[in-house]
Amino acid sequence: MSTPSIQPKAAWLKKIKWDEHGLVPVIAQEAGSNDVLMFAWMNREALAKTVELGEAVYWSRSRKKLWHKGEESGHTQKVLEIRLDCDEDVVLLKIEQAGGIACHTGRHSCFFQKFEGDEHEGDWQNTEPVLKDPNDIYKAGK
């Protein structure tokens, strides 16, 4: 007999202030380094599935479906803690990142572009190397 899944209507899910689309912003932060690796969205089902599996499951707005992080790349996120901010409208996941790559570009973090300069001549500079070619990542996961 299988264990029943957590119901997306569970009381703890009701505490979150979901937006008009039933989503909440989520920040994935690497435990240990405290690097912010990525930003994504979750709906009730994604957050319940994350708790159930112990791995990050997000809501893909472009695909309009649940997205188990690493389902194609193998770069899953083991969830160590789930926190809710003071306004109860942002979720923080403390995670262990498999393979050290969180970004679909093959980098450690999605936040690899840093603004340098001033308002007239500033521009975004890449500050992190590509650790693995994205073409190799997504071939491997299929």
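Start by selecting Cys86 and showing its side chain. In this predicted model, Cys86 counts as exposed, because its relative accessibility is 73% and the cut-off for exposed is over 50%. You will find Cys86 in the loop that runs between strand E5 (77-84) and strand E6 (91-97).

The UniProt record, an unreviewed entry, gives Cys86, Cys103 and Cys110 the feature "binding site". These residues are spread over 25 residues of sequence, and they are spread in space as well, with up to 27.4 Å between C-alpha atoms. From this set, Cys103 and Cys110 belong to the lining of the largest pocket.

Zoom in on Cys103 next. Is Cys103 buried or exposed? Its relative accessible area is 4%, so Cys103 is buried, the limit for that class being under 20%. Cys103 sits in the loop between E6 and strand E7 (113-116). Leaving aside residues up to four places away in sequence, Cys103 touches His108, Ser109, Cys110 and Phe112.

Stay with Phe112 and bring up Arg107. Arg107 lies over the face of Phe112, 3.8 Å from the ring centre.

From here, turn to the aromatic pairs. The count of such pairs comes to three. Select Tyr58 and Trp67 for one of them: the ring centres are 5.3 Å apart and the planes meet at 40°, so this pair is tilted. Tyr58 and Trp67 are both buried.

Then select Phe115 and Trp124. How far apart are the ring centres of Phe115 and Trp124, and at what angle are their planes? The centres are 5.4 Å apart and the planes are at 70°, so the pair is edge-to-face; planes over 60 degrees apart fall in that class. Phe115 is partly exposed, with a relative accessible area of 39%, whereas Trp124 counts as exposed at 53%.

For the last stop, select Pro134, which is found in helix H3 (residues 134-140). Pro134 counts as partly exposed, at 27% relative accessibility. Show its surroundings: not counting residues up to four places away in sequence, Pro134 touches His104, Thr105 and Gly106. Finally, draw a distance from Pro134 to Leu13. Those two are 121 residues apart along the chain, and their C-alpha atoms are separated by 35 Å.

Technical notes
Residues numbered from 1 in each chain as written. Predicted model: local features only at pLDDT ≥ 70, side-chain atom pairs only at ≥ 80, totals over all residues. Heavy atoms only, no water. UniProt positions renumbered as here; feature names shortened; annotations may be inferred. 1 Å grid on protein atoms, 1.4 Å probe; cavity = no way out; pocket = protein on both sides within 12 Å on 5 of 7 lines; lining within 4 Å. Helix = DSSP H or I, 4+ residues; strand = E, 2+ residues; numbered from the N terminus. Buried < 20%, exposed > 50% of the residue type's maximum accessible area, 1.4 Å probe, protein only. Contact = heavy atoms within 4.5 Å. Phe/Tyr/Trp six-rings, centres within 6.5 Å; stacked < 30°, edge-to-face > 60°. Lys NZ or Arg CZ within 6 Å of the ring centre and 35° of its normal.
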